[in-house]
Amino acid sequence: MEFCESCGTYLRETKEGSWCPKCKKLIHSETRMRIENVNKTPSAIFVVDKSKDDYTRATRLCPKCGNVEAFHWFSTVSGEHAGVRRERTVEHLKCTRCSHSWTESS
Ligand SMILES: [Zn+2]
Ligand SMILES: [Zn+2]
């Protein structure tokens, strides 16, 4: 578990690093990468690199720069509405050009 250096918000883990939802900032944890490089074999590092390529791309219009390609992944958010507990799927999108991130919920 990590916290943002500038605002103290709990950072969300993403494949690229730790994401601060408050500062809208992606913090690459270089410290953790260094530890992994020391502890793991080169083949393990290759596996880490490979997981980056698993990022799925979707055709979405970036509201910031107008690019039509974005990385996307899904997460489920549970909340209560009128006393009924329900889960909804949130689509996370990140522009492949300007790295602008946004979410869309269904
Ligand atoms: Zn922050
Ligand atoms: Zn963009």
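Predicted model: local features only at pLDDT ≥ 70, side-chain atom pairs only at ≥ 80, totals over all residues.
Biologist: What share of the chain counts as buried?

Modeller: Of its 106 residues, 6% count as buried. A residue is buried if 20 or more other C-beta atoms lie within 10 Å of its own, exposed if 12 or fewer do, and partly exposed in between, with C-beta atoms placed from the backbone.

Biologist: And what share of the contacts joins residues at least 24 apart?

Modeller: That share is 26%, taken among contacts between residues at least 6 apart in sequence. A contact requires the C-beta atoms of two residues, placed from the backbone, to lie within 7 Å.

Biologist: Let us turn to the sheets. What is the order of the four strands in their open sheet?

Modeller: The order is β4-β5-β6-β7, and the pairing is antiparallel. The strands at the edges are β4 and β7, each with a single partner strand, so one side of each has no neighbour in the sheet. On average, neighbouring strands here are turned by 45° against each other, direction ignored. Such angles come from axes that are lines fitted to C-alpha atoms, for helices over the stretch in contact; angles run from 0 to 180 degrees between N-to-C directions. Pairing requires that DSSP finds at least two bridges between two strands.

Biologist: How many bridges does β5 share with β4, and how many with β6?

Modeller: Strand β4 (residues 56–59) pairs with β5 over four bridges. Within that pair, T56 has H72 as its bridge partner, and T59 has E69. Strand β6 (residues 84–95) is joined to β5 by 12 bridges, with W73 opposite H92. Both pairs run antiparallel.

Biologist: How many residues of β5 are buried?

Modeller: Strand β5 (residues 69–81) is hardly covered, with one buried residue among its 13.

Biologist: How many residues lie between the strands of the hairpin of β5 and β6, and of that of β6 and β7?

Modeller: There are two between β5 and β6, where A82 in the turn has a positive phi of about 55°. Five lie between β6 and β7. Strand β7 (residues 101–105) runs antiparallel to β6 over five bridges, and K94 stands opposite S101.

Biologist: Where does K24 lie, and is it buried or exposed?

Modeller: K24 is in the loop between β2 and β3 and has a positive phi of about 55°, again without being a glycine. It counts as exposed because it has 10 C-beta neighbours inside 10 Å.

Biologist: What order do the three strands of the other open sheet take?

Modeller: They run β1-β2-β3 with antiparallel pairing. The edge strands, β1 (12–14) and β3 (25–27), each pair on one side only. The twist averages 35° from one strand to the next. Three bridges join strand β2 (residues 17–20) to β3, and W19 stands opposite L26.

Biologist: One last residue. Which residues does W102 touch?

Modeller: W102, in strand β7, touches P63 and L93, not counting residues up to four places away in sequence. Its C-alpha is 9.7 Å from that of H72, which is 30 residues apart in sequence. W102 is partly exposed because 15 other C-beta atoms lie within 10 Å.

How values were computed. Residues numbered from 1 in each chain as written. Chains lettered and ligands numbered in written order.
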